[in-house]
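Reader: I'd like to talk through how this protein is packed. Could you show me the model?

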Amino acid sequence: MNNHLIFQKIIKREISSNILYQDQIVTAFEDINPKAPIHILIVPNDFIKTANDINQKNQNIIAHMFCIAIKMAKEKKISKDGYKIIINCNKNGGQEINYLHMHLLGGIKLKTLY
Ligand code: AMP
């Protein structure tokens, strides 16, 4: 199956996942293979493939994803010490799942790429 269907099935609760937050626009759930003590994925409920597909029409969805990521950071009590929000795009960006998602990572001192 095309791997973007995994996230669609999580959003529709057709496969099990630890969903932490859901509204009409986004869903946030725990990453199955966490790279940090806190590793949450925030995804739009309506399919967007990559960051390249963000545009003026759907930019409000991206803003909402940021708001929910920050809400999650506060709820998980990592906002004071800090966190990373990452969006990987395509092959060179390390995107494995072809469904736009934001990684919220925290709970440990994270390495910087630059
Ligand atoms: P990316 O490399 O940016 O595409 O990240 C994909 C992320 O999705 C990885 O961190 C995976 O661990 C995570 N992932 C893959 N399948 C699942 C799943 N069924 N439930 C939760 N997270 C998943």
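This is a predicted model: local features need pLDDT of at least 70, side-chain atom pairs count only at pLDDT 80 or more; totals for chains, interfaces and linings use all residues.

Reader: Thanks! Which element gives the most to the largest nonpolar core?

Author: That core has 17 residues, and Ala28, Ile40, Ile42, Met65, Met72 and Leu104 have the most contacts inside it. At least two residues each come from strand 2 (26-30), strand 3 (38-44), strand 5 (102-106) and helix 2. With seven residues, the top contributor is helix 2.

Reader: What lies apart from that core?

Author: There is a separate group, and Phe7, Leu41, Val43 and Tyr99 are among its members. In soluble globular proteins, nonpolar side chains tend to be buried together. What lies apart here is another core, of nine residues.

Reader: Back to the largest core: which residues is Met72 in contact with, leaving aside neighbours within four places in sequence?

Author: Met72 is one of the residues with the most contacts inside the largest core. With those sequence neighbours set aside, its partners are Leu20, Tyr21, Ala28, Ile40 and Leu104.

Reader: And Ala63: is it buried, partly exposed or exposed?

Author: Ala63 sits in helix 2, which spans residues 59-75. Buried would need under 20% relative accessible area, and exposed over 50%. Ala63 has 41% relative accessibility, so it counts as partly exposed.

Notes: Residues are numbered from 1 along each chain as its sequence is written. Side-chain values use heavy atoms; hydrogens and water are left out. Helices (H or I, at least four residues) and strands (E, at least two) are DSSP runs, numbered from the N terminus. Buried means under 20% relative accessible area, exposed over 50%, partly exposed in between (1.4 Å probe, protein chains only). A nonpolar core is a set of buried Ala, Val, Leu, Ile, Met, Phe, Trp, Tyr and Cys residues joined through side-chain atoms within 4.5 Å. Contact means heavy atoms within 4.5 Å.
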